[in-house]
Amino acid sequence: MMIGKELNDAINAQVGAEFGASLQYVTIATHFDGEGLKKLAALFYKQAEEEREHAMKFIKYVVDTGGEVRIPAVAAPKATFTSAEEAVKLSLDWELEVTAQINKLYDIARAKNDYAGQNFLNWFVEEQVEEVNSMDNLLKVVRRVGEKNIVMMEAYLAHGN
Ligand code: FEO
């Protein structure tokens with residue numbers, strides 16, 4: 001089965017976005033690591049791994065459907081943060097943007113009556129609900145705790161939230 005050119009190109013761009021997210025989350029993790037906030041760091045290192053897996057999932061789909069993998073240049077992530085809130089807010093905004101990007105991919109698959117494409121993208125539609133929800137929740141808690149008491153996030157995360 002051949003993937004359509006429009007979806008192939010859009011997925012290649014998405015691969016760049018997912019790798020970009022992975023780099024951004026690594027950078028956020030290292031920021032927290034440097035602050036001694038190991039649980040927050042671990043959360044973002046794990047998130048970075050997940051983004052890499054998302055990129056690989058898209059790549060595998062392109063290969064499996066006879067398309068062409070063209071990984072675009074990935075912009076450097078934002079490197080410094082003045083607060084935990086800033087880093088987590090950036091992550092939530094990112095996840096909202098990715099959700100819009102996935103919806104656009106879905107629009108292409110639907111317009112082309114590409115049922116395999118829609119079926120493949122369903123996983124990402126569901127995943128984004130979870131990703132946005134968990135980042136939104138993290139931001140709420142970070143705001144509630146406040147920068148002064150941010151070390152309390154470690155206890156919160158240690159209890160499996
Ligand atoms: Fe790959 Fe967090 O979206």
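Visitor: What does Gln118 touch, leaving out residues up to four places away in sequence?
Guide: Gln118 touches Tyr106, Ala109, Arg110 and Asn113. Contact here means heavy atoms within 4.5 Å.

Visitor: And where is Gln118?
Guide: Gln118 sits in helix 4, residues 115-145. Helices are DSSP runs of H or I, at least four residues, numbered from the N terminus.

Visitor: Is Gln118 buried or exposed?
Guide: Gln118 has a relative accessible area of 13%, so it is buried. Buried is under 20% relative accessible area, exposed over 50%, and partly exposed in between, with a 1.4 Å probe and protein chains only.

Visitor: Where do these numbers come from?
Guide: This is a predicted model, where local features need pLDDT of at least 70, side-chain atom pairs count only at pLDDT 80 or more, and totals for chains, interfaces and linings use all residues. Residues are numbered from 1 along each chain as its sequence is written, and side-chain values use heavy atoms, with hydrogens and water left out.

Visitor: Switching to helix 3. Which helices do its buried residues pack against?
Guide: The buried residues of helix 3 pack against helix 1, helix 2 (38-64) and helix 4. Among those buried residues are Tyr106 and Ala109.

Visitor: What comes just after helix 3?
Guide: Asn113 is there, with a positive phi of about 50 degrees.

Visitor: Now Gln24. Where is that, and what does it touch?
Guide: Gln24 is in helix 1, residues 5-34. Not counting residues up to four places away in sequence, Gln24 touches Pro77, Lys78, Phe81 and Leu90.

Technical notes:
Helix = DSSP H or I, 4+ residues; strand = E, 2+ residues; numbered from the N terminus.
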